Amino acid sequence: MTVSAIRALLAGAALTCASGASAQQVTGHAAATADTFTHADTVRGSITPERAWWDVTFYDLRVAIDPADSTLRGSNAITYRVTGMPPHAGRGAMQIDLQAPLAIDSVTEDGHRLDFRRDGNTWFVTPAAREPRGRSRTVTVYYHGRPRVAARPPWDGGLVWARDSAGAPWIGTASEGIGASIWWPNKDTWADEPDSQRTALTVPDSLQAIANGRLRTVTPHGDGTTTWEWVVTNPINNYDVAAYAGHYAELDSVYQGERGPLTLAFRPLAAHVDTARVQFRQVAPMLQCFEHWFGPYPWYRDGYQLVESPYLGMEHQSAVAYGNDYLNGYLGRDLSGTGWGLRWDFIIVHESAHEWWGNNITAADIADMWIHEAFAAYAEALYTECRFGKAAGAAYVIGTRKRIENDRPIVGHYGVNDEGSGDMYYKGANMLHTIRQLVGNDSTWRAVLRGLNQTFRHRVVTGRQVEEYMSAHTGVDLSRVFAQYLTTTKVPTLEYRLSGDTLSYRWTDVVPGFDMPVRVTLGGDRTMTLEPRETWRSAVVAISAPEQLSVDDDYYVRAASSARPPGVTR
């Protein structure tokens, strides 16, 4: 999809909320905090006129990493295709992003220097000439500096300059949210991915350098440095581009997957090779479970790498960052509180799930980051189900509800680099688990998950596209369900009252028109499905006390017995 098409979709999303909510609901949410966003937020988070007229097709990134003084020096040759008219008279401008304190030294095209100006973390480059639509050109950006250091990676992104247990340099990058331009110049929007990328990392001879995809060449320079050249042959979102440097060991294997042999490259620090050899045995069964649920691993040509990192983890495409201390759970803790989360390594499972959700399918705007995190968090439950049974998977995802805060909507504000609430993880996962109950057929549910990954394979999408696909292919209108869970902080509440054998019930704390059916238990193991609305409805039931009714735990809703006499409709 072209940047122009993405721009049009995002403009529509800003008005209709990409989640089925009304324009009034969305603009109300936006208006409440619109004054907190700055000019810089808009320039970074939107498809500006200086971004809209060109599509990046290839990045050729070359970076020298100097651990002695924590600096970078390098270049990025950006090959792009002209897709529209530049925004201003004359030659117009193209927007390149690079965050302070890094600085651009020069920009060239065909050996000629181009003019550029700076606006905070954004740089506007004047091309040499106005080119017709369809023409491909390359500009090369030269830069240097001491990049921002990540204080709390990966959440507070930047460069991580660490030391291993032997005191040797150990380096990693983490840039989701903060943006890839924290360490290299690029078109820093999720809406535009290159078709492929080369990353050449120059480091001291004593270190190995690892990036995405496959290693092509290793070139010693005779000056104490060596360049490691890596190539990823598929589209890649910019925050997934990774650089690691350290003393690594090599553990290689092959997984026989749905599309044939998939190379597995495990890169623990050399001091941890024996521990890694045991812990990383979880990768093959994890891939088998995810291929079952989501379809083939998306990057067979680029392989699968698991690279030990000096921070907890990150979903770097085909080079997943691993820093979970070789422990099951999340640094040895079970996030669900059920015990099931200690049966597997959280970082291996969650970050690898992003190869499908976030890497294969990428949100065009960070406001729809739930596409990445809700599905990856739910993948934890599906993996548990795959390995230990359906009841275990359900118990796991239900157990994570205690981590839901309902502090603010999951969908952020569009066009201002706003990622919304952290509830995108486990509230999002429980929304998906609830939708699974509405579908009521696990074969259909699996087909929808696999179909999403096939239909939107290697593509950038909006939340609306994902939601409309799921409604169309489940046969269930999910628009109000998405609106409820993604754009409000309210949990649907089933209010009910028993009078004799008549059960009166309705939904409260819901978006207008919310009509989600819900399964309830009526004492013992008898169940029935109610179809509540915002107005009272009734049904005849064979229970003698309100406490004999309970809502099926597989639905993320609340229940409240009411003494208020309702005006009942049947």
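The disulfide between Cys289 and Cys386 is left-handed, because the torsion about its S-S bond is about -80 degrees. The two sulfur atoms of Cys289 and Cys386 sit 2.1 Å apart. If the term is new to you, a disulfide is a covalent bond between the sulfur atoms of two cysteines. Keep in mind as you look that this is a predicted model. A search of the whole structure turns up one disulfide. Which parts of the chain does the pair link? Cys289 belongs to helix α6 (residues 283-294), while Cys386 belongs to helix α8 (residues 370-388), so the bond ties together distant parts of the chain, 97 residues apart.

The two partners have their own surroundings. Cys289 has a relative accessibility of 4%, and because buried means under 20%, Cys289 counts as buried. Cys386 has a relative accessible area of 36%, which makes Cys386 partly exposed.

Stay with helix α6 for a moment, and find Met286 there. Is Met286 buried or exposed? Its relative accessibility is 0%, so Met286 counts as buried. Setting aside residues up to four places away in sequence, Met286 touches Tyr304, Ile348, Val349, Ser352 and Tyr383. For a sense of distance, pick out Asn121 as well: Met286 and Asn121 are 165 residues apart in sequence, and their C-alpha atoms are 40 Å apart in space.

Now move along to helix α9, which covers residues 390-399. Its buried residues are Ala392, Gly393, Ala394, Tyr396, Val397 and Gly399. What covers these buried residues? The cover includes α7 (346-353), α8 and α10 (426-439).

Let us step back and view the whole chain. It has 13 helices and 29 strands. Its radius of gyration is 25 Å, close to the 25 Å that the globule rule gives for 570 residues, so the chain is as compact as a globular protein of that length. Along the principal axes, the C-alpha atoms fill a box of roughly 90 × 60 × 40 Å. Of the 570 residues, 61% are buried. How do contacts relate to the sequence? Among contacts between residues at least 6 apart in sequence, 70% join residues at least 24 apart. The accessible surface of the chain comes to about 21,100 Å², and carbon and sulfur atoms account for 50% of it. As for charge, the chain carries 53 positive and 63 negative charges, whose mean positions are 3 Å apart.

Ser106 is in strand β4 (residues 103-109), and Pro261 is in strand β17 (residues 260-267). With a relative accessible area of 8%, Ser106 is buried. Pro261 has a relative accessible area of 56%, and because exposed means over 50%, Pro261 counts as exposed. Leaving out residues up to four places away in sequence, Ser106 touches Arg113, Phe116, Thr140, Val141 and Tyr142. With neighbours within four places in sequence again set aside, Pro261 is in contact with Val254, Tyr255, Gln256 and Tyr300. Pro261 can also be placed relative to Gly303: they are 42 residues apart in sequence, with their C-alpha atoms 9.5 Å apart in space.

Finally, follow the backbone itself. Most residues other than glycine have a negative phi, and most peptide bonds are trans. Where does this chain depart from that pattern? The peptide bond from Ala100 to Pro101 is cis, with omega near 10 degrees, and Pro101 lies in the loop between β3 (94-97) and β4. Another cis peptide bond joins Pro153 and Pro154, with omega about 0 degrees. Look for Pro154 in the loop between β8 (136-145) and β9 (158-163).

Ser318 is not a glycine, yet its phi is positive, about 60 degrees. This serine is in the loop between β19 (313-314) and β20 (320-322), and Ser318 counts as buried at 0% relative accessibility. Asn417, not a glycine either, has a positive phi of about 60 degrees. Asn417 lies in the loop between α9 and α10, where its relative accessible area of 25% makes Asn417 partly exposed.

Notes: Residues numbered from 1 in each chain as written. Predicted model: local features only at pLDDT ≥ 70, side-chain atom pairs only at ≥ 80, totals over all residues. Heavy atoms only, no water. Disulfide = S-S within 2.5 Å. Helix = DSSP H or I, 4+ residues; strand = E, 2+ residues; numbered from the N terminus. Buried < 20%, exposed > 50% of the residue type's maximum accessible area, 1.4 Å probe, protein only. Rg over C-alpha atoms; globule rule 2.2 N^0.38 Å. Contact = heavy atoms within 4.5 Å. Areas by Shrake-Rupley, 256 points an atom, 1.4 Å probe, with all protein chains shown as cover. Lys, Arg positive; Asp, Glu negative; His and termini not counted. Charge placed at Lys NZ, Arg CZ, Asp CG, Glu CD.
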